[in-house]
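User: I am new to this structure and would like to learn how to read it. Please take me through it feature by feature.

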Amino acid sequence: MLSLDDLREHFVTHLLTSINKGEPKNLYEPISYILTLGGKRLRPALTLMTCELFDSSYVKALNAALAVELFHNFSLIHDDIMDNAPLRRGKSTVHEKWDINTGILSGDAMLILAYQLFENYEPETFQNLAKLFSKTAIEVCEGQQYDIDFEDRNNVTIEEYLHMINYKTAVLVGAAMQMGAIVANASGKSQNAIYEFGRNLGMAFQLQDDFLDVFGDPKSFGKQVGGDIISNKKTYLYLIAKNESTPADSKELEHLYSIEPKNPTDKIEAVKRIFIKSGARDKTKTQIKQYTEKAIQLLNEMELNENGKDQLTVFANNLIARDV
């Protein structure tokens, strides 16, 4: 079986040869632009990896993988518009480089192009891929709406937050892996298990992202540490701390999340102290571990040889350690 890095390289080659550079340019150039901004290409690589794990060539899954990448980047274009974000991966966002109308239309076209890619498969495979894709797409939209709604609420529960990240982030990881299994004609039992494996890893990955935003090493994290605190984003860490803190610390946390100082250093340090004191830091690490372990336990439900199970176990542990 090829390594994840090798599969990524094969996928990027396929992506670059598949990009439509036709007319009208203002529709297709923004698509080409965002698709070539880079990124880890993790989701499409997972589609290819899963196809290989179930004894089928990754080549068969290239179009399904490209559909996953098109959808992911479509959602990024629209997210950036909603967030009024100026940068994506260190470069101008599509709506900044062109305009909002172009961003909306190019994003819409990417979603349609993603569906067209399923037409390369036999009818039964096409139907199964499209059905999963549609279910996942609406869940991602629901997750994004929950995220927007939560910005204006002060009573978001931990259960609601976990439901939101499940839809906004985790289900696409699960779907990317199940698509590889569908193309490989894996059994229904294995398809369901690999979906849940990916979904649980997606949950762990997002919680790890929340954790690293506060407690990560700036050199290895690749983002500004404390960004969620600066923007007053109520993550899992915040919600746990709010519930578990003393009344005085809970009140201080609310105050800290209501201010936007020019120099946020003191605010970040004060919030970190409350996260540690309340036990939120340790509880978040425990939750990450539990989701990862749940994913690994699902390997017993898949019709894979021991080598395949070992590879997925290593992948799961490396993903959370950010080594992929």
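Analyst: We start with the whole chain and then turn to single features. This is a predicted model, where local features need pLDDT of at least 70, side-chain atom pairs count only at pLDDT 80 or more, and totals for chains, interfaces and linings use all residues. Residues are numbered from 1 along each chain as its sequence is written, and side-chain values use heavy atoms, with hydrogens and water left out.

User: How many helices and strands does the protein chain have?

Analyst: Helices (H or I, at least four residues) and strands (E, at least two) are DSSP runs, numbered from the N terminus. Here the protein chain has 16 helices and two strands.

User: What does the radius of gyration say about the protein chain?

Analyst: The radius of gyration is taken over C-alpha atoms, and the globule rule is 2.2 Å times the number of residues to the power 0.38. For 324 residues, a compact globule would come out near 20 Å; the protein chain has 20 Å, which agrees. Along its principal axes, the C-alpha trace spans about 60 × 50 × 35 Å.

User: What percentage of the residues in the protein chain is buried?

Analyst: Buried means under 20% relative accessible area, exposed over 50%, and partly exposed in between (1.4 Å probe, protein chains only). Buried residues make up 54% of the 324 residues.

User: And what share of the contacts joins residues at least 24 apart?

Analyst: A contact means heavy atoms within 4.5 Å. Among contacts between residues at least 6 apart in sequence, 71% join residues at least 24 apart.

User: Which residues of α14 are buried?

Analyst: They are K267, I268, A270, V271, I274, F275 and S278. Seen down the axis of α14, these buried residues fall within an arc of 165 degrees, so they line one face of the helix. The arc is that of the directions from the helix axis to the C-beta atoms. The face turned away from the buried side carries the exposed residues D266, R273 and K277.

User: What do the buried residues of α14 pack against?

Analyst: They pack against α9 (188–215), α11 (227–230), α12 (236–244), α13 (247–256) and α15 (280–297). Just after α14, G279 takes a positive phi of about 90 degrees.

User: How many aromatic pairs are found in the whole structure?

Analyst: Rings of Phe, Tyr and Trp (its six-membered ring) pair if their centres lie within 6.5 Å; planes under 30 degrees apart count as stacked, over 60 as edge-to-face and the rest as tilted. The search finds nine aromatic pairs. One of them joins Y115 and F133, edge-to-face, with 4.8 Å centre to centre and 90 degrees between the planes. Y115 lies in helix α6 (residues 100–117) and F133 in helix α7 (residues 123–150), so the pair ties together parts that are 18 residues apart in sequence. Y115 is partly exposed at 27% relative accessible area, while F133 is buried at 3%.

User: What kind of pair do Y238 and Y257 form?

Analyst: Their pair is tilted, with 4.4 Å centre to centre and 45 degrees between the planes. It links distant parts of the chain: Y238 is in helix α12 and Y257 in the loop between α13 and α14, 19 residues apart. Y238 is buried, with 6% relative accessible area. Y257 is buried too, with 8%.

User: Which residues do ring pairs link into a cluster?

Analyst: The cluster holds F71, F74, Y115, F118 and F133.

User: Which ring does the charged end of K267 sit over?

Analyst: A charge sits over a ring if NZ of Lys or CZ of Arg is within 6 Å of the ring centre and within 35 degrees of the ring normal. The charged end of K267 sits over the ring of Y257, 5.8 Å from its centre. R281 lies over the face of F215, at 5.6 Å from the ring centre.

User: Is N166 buried or exposed?

Analyst: N166, in helix α8 (residues 158–183), is buried at 12% relative accessible area. Not counting residues up to four places away in sequence, N166 touches V171, R199 and M203.
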